[in-house]
Amino acid sequence: MTRLILQRLFYGLLTLFVVSLVVFLATQALPGDAARAMLGRDATPERLTALREQLNLNDPVAVQYGKWIAGLFVLNLGESFANAMPVAEYLGPRVSSSVALMALAAIVATPIAVAIGAYSALRRDRAADHATSMVTLITAAVPEFAVGILLVLVFATGSLQLFPAVFAGSSEAVLESPEQLVLPVATLVIAVSPPIIRMMRASMIEVLESEYVQQARLKGLPERTVIWRHAAPNAIGPVAQVIAVQLGWLAGGVVAIEFLFRFPGVGMALMDAIDNRDIPVIQAVTLLIAAIYIVVNLLADIVGLAANPKVRVSSR
Amino acid sequence: MPSMHNHQEHQPARSDKGSAFTPSRRSVLKAGAAGAVVVPALSACGGDGSSGSGSGGRLKVGIAGGSAKDTLDGHKAVDNTDIARAHALYAGLCYFDTDYTIKMALAESIEPNDEATVWTVKLKEGLKFHDGSDVTADAVIFTLQRITDPDDPTSLAGQLTTLDRDNLKKVDDLTVEVPFTDPFVTFLDVMAEYLAGIVPEGFDPENPVGAGPFKFKEFTPGERSVFEAHTDYWQEGMPYVDELEIINFPDETARVNALVGGQVDVISQLPHSQIEVVEADDNLEVLESETGMWLPFTMRVDKAPFDDERVRQAFRLIVDREEMVDQALSGHGTVGNDLYGRFDPAYNEDLPQREQDIEKAKELLAEAGHEDGLEVELVTGPISPGAEAAAQVFKEQAAKAGVTVKLKQTNSTEYYGDNYLQWTFAQDFWSSRNYLSQAAQGSLPGAAFNETHWDDEEWVEIIEEARATVDEEKRAELIKQAMKIEYERGGYIVWGFVNTVDGFNKKVKGLEPSVTGHPLTTYGFHLMRIEG
């Protein structure tokens, strides 16, 4: 199994490399360069020349990429074109803001979604189950930013002015203004929950119909024990992978949500960097998101493998 | 330099809302159609006598735009948030007041010699920078040299090419002689720009020191910046608030929501679609100002079909200006007369307002050999709110005269990319500026932004003469002549001027309309107070 994991890790790194190359080439295909994007309409030839000189934009494309990748090996992400700050220093507070947002969403979403899924399975084909199916189907189909806009309309700008509609605090200390986090977290929770709920429901139903649960019931065990000791632990296995995938999605899905709520995280930084053709920042953020995705999926695979005795044994 | 407006701004193309505007071109400081009546609260401020400075909390301001490229360097301000910060941090020798007259700021006087080749700047006595050092002649010299540094030119450098930067002369601690290689009558116009803030020697944009109403405290690019009151500000008793926080809002919905939710006290650039929302809220108010900001169509006078003066005039006659203001700006603007420099004291009032005349336009087009119709490509993009809508409206109006307009959509990076200033028929936007300054920017051959490639011999001669004429009356006469020529054969279609519309919480006092085209009383944070 260790070999399998190492193999996956190697492919993960290869994927990251390809991602960085593709993203770099894509930024080259965008019209205009960083100097143009930054000076906008004020781009007189003299100022363009001066700025291109400062940013080393006159180097051949291959040299620019080479310098960047060489820096990466010594963990140097380079400097932002837009504000000349080291990328790591610029992104640092934003990464922690985003991580805080995602962690809050994950902490809230996972237990709630699992509980709702299990409850739905126990109430199979009754009103509560149908209602859950309907709601999860709809929320899964609606894009997350639409959910966000709806929440803002209902809870922030409409008659119910319960929570602020935007985040107006600092990226240095997002947790200091918890009321401003309510709506972005709620949006993410609603966005990631439906697949978890549906998977938990399906898995729970399957387990409840299995022979060992019937056996437990026939033994005369109380229903509570049947469900929590015998059914739930076995149902959760397949759900873990869905949870992992959903958390991986969070890393990318957070981009639109951050823009909507003006949350100062990596998502905002990425949108900004694309506008400014700020290649070092674009590279760092896309690699980060890709890395999270790969790591989360790898973890999910490991959990899946570990939970499957056949694989565990055969690959020894 | 033109102020950059936020690229992400999108305005609804249409509004059925009727306009209550009657186009009165020179009505300075007129509250707009939205019914914003804002009482200047300045007169009430004299009451607390000794020092009103720093007596009133933190003012939180939401500004349209901002990104990672945000800067604190006022000489290189590009985006709206940069411009707002420049107004907070720096003070210039002089400034444009809300009616676009030029008033002295750090300078006591700025006088030209008889040929306007040497200007003498006298500073006010006892003025201090944020770090406590004196505002001196050396600082003025340092600033002018920094602005025009050939190795790292800043935004104003293009307007000061005739400055003899090596021969700036310190007469005494408070007096500087500023020489030019050619007569330069518009020196005051240039020095009144927010891009000309005076900075002390050894200025470091990382830790900026100026003489503006607020001094630097915190700054996170792409997010926000915090400033505190400069107690030695040259305007006695100002600023009124202790602290100023400027928060970036690239997205207009988020900006309005923050105002409605009370997270900010004031926002710039309220989208037209949100005016009613703000008006409906008892705590909020709308500030609307007529401005000299214009959104022209640009016709290259050296390229077919616009190299024929009759085609240019026909295109100008195609436009129903009232309809364009109503539709492209939802009525929040004023019609134009194919002339810029609306607030120039020499503005030519004698030229009749041009109206739509399709018959005449068809006639002119036929004379020019286009009796069977004409097809042109109009380059448009989200360069300023209302621009794309104006292009749509033009397309429809042109069809009536047998002109087929094909719209070429671009994004703003492409628009201002390598083809900018090369498009045959396109659009642009310009902020308020006096006629000669604008001509130096956009109409003289050799100007940095001569997008119509205008090079009319007679006109150039008049302008050159005006630029060397110190006598104001004589100069005004020349300007009027030059305006007549542009009116008769120029390459711009100046169909309207755009109002600025801002929103603010009623507890903030001191805001008043300003025609400069910069929102929030020309980012006049020093005028604002928080009550209650």
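This is a predicted model: local features need pLDDT of at least 70, side-chain atom pairs count only at pLDDT 80 or more; totals for chains, interfaces and linings use all residues.
Me: How many helices and strands are in chain A?
Reply: Chain A has 13 helices and 0 strands, where helices (H or I, at least four residues) and strands (E, at least two) are DSSP runs numbered from the N terminus. Its C-alpha atoms fill a box of roughly 85 × 60 × 30 Å along the principal axes.

Me: How much of chain A counts as buried?
Reply: Of its 316 residues, 38% count as buried; a residue is buried if 20 or more other C-beta atoms lie within 10 Å of its own, exposed if 12 or fewer, and partly exposed in between, with C-beta atoms placed from the backbone.

Me: What is the angle between α5(A) and α10(A)?
Reply: Helix α5 (residues 87-122) and helix α10 (residues 223-261) of chain A pack at about 150 degrees, with their axes 10 Å apart. Axes are lines fitted to C-alpha atoms, for helices over the stretch in contact, and angles run from 0 to 180 degrees between N-to-C directions. That makes α5(A) roughly antiparallel to α10(A), since angles under 35 degrees count as roughly parallel, over 145 as roughly antiparallel, 65 to 115 as roughly perpendicular and the rest as oblique.

Me: Which residues meet there?
Reply: Among them are Ser98(A), Leu101(A) and Met102(A) in α5(A), and Ala232(A), Val239(A) and Ile243(A) in α10(A); two residues are in contact if their C-beta atoms, placed from the backbone, lie within 7 Å. By class, this contact of α5(A) with α10(A) has 13 nonpolar, 2 polar and no charged residues, where Ala, Val, Leu, Ile, Met, Phe, Trp, Tyr, Cys and Pro count as nonpolar, Asp, Glu, Lys and Arg as charged, and the others, Gly among them, as polar.

Me: And how does α5(A) pack with α11(A)?
Reply: Those two pack at about 130 degrees, with their axes 8 Å apart, which makes α5(A) oblique to α11(A). On the α5(A) side the contact is made by Leu91(A), Arg94(A), Val95(A) and Ser98(A), and on the α11(A) side by Val266(A), Gly267(A) and Ala269(A).

Me: New topic: how many residues does each chain give to the contact between A and B?
Reply: Chain A gives 37 residues and chain B gives 33 residues. On the side of chain A that touches chain B, the largest share, 5 residues, comes from α11(A), and that side divides into 18 nonpolar, 10 polar and 9 charged residues.

Me: What is the strand order in the sheet of chain B?
Reply: The order is β8-β9-β10-β1-β11-β20-β12 in an open sheet of 7 strands with mixed pairing; two strands pair if DSSP finds at least two bridges between them.

Me: Which strands stand at the edges?
Reply: They are β8 (214-220) and β12 (284-289) of chain B, each with a single partner strand, so one side of each has no neighbour in the sheet. Strand β12(B) runs antiparallel to β20 (residues 500-505) of chain B and is joined to it by 6 bridges, and Glu285(B) has Phe504(B) in β20(B) as its bridge partner.

Technical notes:
Residues are numbered from 1 along each chain as its sequence is written. Chains are lettered from A and ligands numbered from 1 in the order in which they are written.
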